[in-house]
Amino acid sequence: MSKNWRPATQLVHGGTTRSQHGETSEAIFLTQGFVYDTSEAAEARFKGETEGFIYARYGSPTNDMFEKRMCMLEGAEDARATASGMAAVTAAILCQLKAGDHIVAARALFGSCRWVVETLAPKYGIECTLVDGRDLANWEKAIQKNTKVFFLESPTNPTLEVIDIAGVAKLANQIGAKVVVDNVFATPLFQKPLELGAHIVVYSATKHIDGQGRCLGGVVLSDKDWINEHLHDYFRHTGPAMSPFNAWTLLKGIETLPLRVKQQTENARRVADFLAEQPQIAKVIYPGRADHPQADIIAKQMTGGSTLVAFELKGGKDAAFALQNALQIARISNNLGDSKSLITHPATTTHKNLTDEARDELGISAGTVRFSAGIEDSDDIVEDFARALKAVKA
Ligand SMILES: Cc1ncc(COP(=O)(O)O)c(C=O)c1O
């Protein structure tokens, strides 16, 4: 296996271990436990004197292949595959903090991520300050003596705000804090948080990594020292491990990630450009368009656009619902990153639990819609939007 392989090659071959049968496709090891030939062998395995698996909650062969492949892609030394993206986020944050510590997090977070830092962490004595992450001065102002973790996603869900990851990492390094980046929206192909100075990367593998709407999954990636010091024991003893079946499905999904994301990005770009010209649309936000408010940071830290488009209809909720109901290709769903185009109205779904004030701060209005491009033919998707927009008053 060459470390110099480009992503498309790594994602087909990286991390593969073959059994004695020499199978072409990765095998699925659906086992809870492992047996030892002798008592001495079991003792040696538990003492860490011999390599090998002990129990599937700790690690198992199919999960190991998935973790190794993700490490190659991300440029990380080590990883742990988790049962869902939220298990990855929660583990990455809680495993390294204790009562009395402080988190600074960007306020534009996926709803459950925001709940973890804003509601769950304080129950255990971990304080959190939420900031408008677009301005580095806000991160700096929020730093306290006990700040240990900075947490952000970029681009954000659903309004595709972008945060200067290298800038946040520089501030964190000055105080010895760790930066955790939820890289779901960027995908591992378009943004490399570890290269930008972040310390820990998390994914919901449920999204582009599976990409075909089947399995929940997540992954936490970092350097070996951080994983050994913080995540290793937390992971073993609290049990957020991914099912080997899901690891196998995700291993097969990830083989086609570059092909899917390329087509999805092209489809999203075409939809963004089309919508920007339509009289019913007040605003289009698309990383990759020159009119994105943070185009300069995107040019600095991302190598591709996005598979998602956020836009606002002038006619508010009625117009958003009319458009969604009239579309025939994009299905109404709060999921994203799928090979099927999906569309959602964040104010009444993914972000309904926020207060009106919090939604206003994030730029989520009654007319905001989030489109996740699938891999269908671009012409069909654009034609479907053109037809559906006829149901919406200008
Ligand atoms: C940005 C982001 N982070 C985390 C998650 C959580 O992932 P999962 O649903 O796999 O737990 C999601 C989506 O659900 C998401 O959009």
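Predicted model: local features only at pLDDT ≥ 70, side-chain atom pairs only at ≥ 80, totals over all residues.
Not counting residues up to four places away in sequence, phenylalanine 321 touches His345 and Thr348. The C-alpha atoms of phenylalanine 321 and glutamine 20 are 55 Å apart, and 301 residues separate the two in sequence.

Phenylalanine 46 belongs to helix α2, which runs over residues 39-47. With a relative accessibility of 57%, phenylalanine 46 counts as exposed, because the cut-off for that class is over 50%. Apart from residues up to four places away in sequence, phenylalanine 46 touches Tyr36 and Ile54. From phenylalanine 46 to alanine 310 the C-alpha to C-alpha distance is 51 Å, with the two residues 264 apart in sequence.

## Helix α15

Helix α15 consists of 12 residues, 378-389. From first to last C-alpha it reaches 17 Å, close to the 16 Å expected at 1.5 Å a residue. At the start of α15, a side-chain oxygen of aspartate 377 comes to within 2.9 Å of the backbone nitrogen of aspartate 379.

The buried residues in α15 are Ser378, Ile381, Val382, Asp384, Phe385, Ala388 and Leu389. These residues lie on the same side of α15, because the arc they cover around the axis is only 155°. Their packing partners are the helices α11 (257-276) and α13 (316-326), together with the strands β8 (281-285), β9 (308-313), β11 (342-344) and β12 (368-372).

## Helix α4

Helix α4 covers residues 85-94, and nine of its 10 residues are buried, so the helix is largely enclosed by the rest of the structure. The buried residues are Gly85, Ala87, Ala88, Val89, Thr90, Ala91, Ala92, Ile93 and Leu94. At the start of α4, a side-chain oxygen of serine 84 reaches to within 3.4 Å of the backbone nitrogen of methionine 86.

## Ligand surroundings

There are 14 residues around the ligand, of which Gly85, Met86, Asp182, Ser204 and Thr206 come nearest. Glycine 85, one of the buried residues of α4, has a polar backbone atom 2.8 Å from an oxygen atom of the ligand. For methionine 86, a backbone N or O atom is 2.8 Å from a ligand oxygen atom. Threonine 206 contributes a polar side-chain atom, 2.5 Å from an oxygen atom of the ligand. On its own the ligand has 390 Å² of accessible area, and the protein covers 90% of this.

## The loop between β4 and α7

Most peptide bonds are trans, and most residues other than glycine have a negative phi. The loop between β4 (147-153) and α7 (165-175) contains proline 155, and the peptide bond joining serine 154 to proline 155 is cis, with omega about -10°. Proline 158 lies in the loop between β4 and α7, and the bond from asparagine 157 to proline 158 is also cis, with omega near 5°. Leucine 160 is another residue of this loop. Leucine 160 has a positive phi of about 55° although it is not a glycine. With a relative accessible area of 0%, leucine 160 is buried.

Serine 154, also in the loop between β4 and α7, is buried with a relative accessible area of 0%. The side chain of serine 154 reaches the backbone nitrogen of isoleucine 163 at 2.9 Å. Leaving aside neighbours within four places in sequence, serine 154 is in contact with Glu161, Val162, Ile163, Asp182, Asn183, Ala186, Gln191 and Gln301.

## Threonine 187

Threonine 187 is located in helix α8, residues 187-190. Threonine 187 is not a glycine, yet its phi is positive, at about 70°. Its relative accessibility of 1% places threonine 187 in the buried class, because that class takes in residues under 20%.

Notes: Residues numbered from 1 in each chain as written. Heavy atoms only, no water. Helix = DSSP H or I, 4+ residues; strand = E, 2+ residues; numbered from the N terminus. Expected span 1.5 Å × (residues − 1). Buried < 20%, exposed > 50% of the residue type's maximum accessible area, 1.4 Å probe, protein only. Arc of directions from axis to C-beta. Contact = heavy atoms within 4.5 Å. Polar contact = N/O pair within 3.5 Å; in protein donor to acceptor, adjacent residues only side chain to side chain. Near = heavy atom within 4 Å. Areas by Shrake-Rupley, 256 points an atom, 1.4 Å probe, with all protein chains shown as cover.
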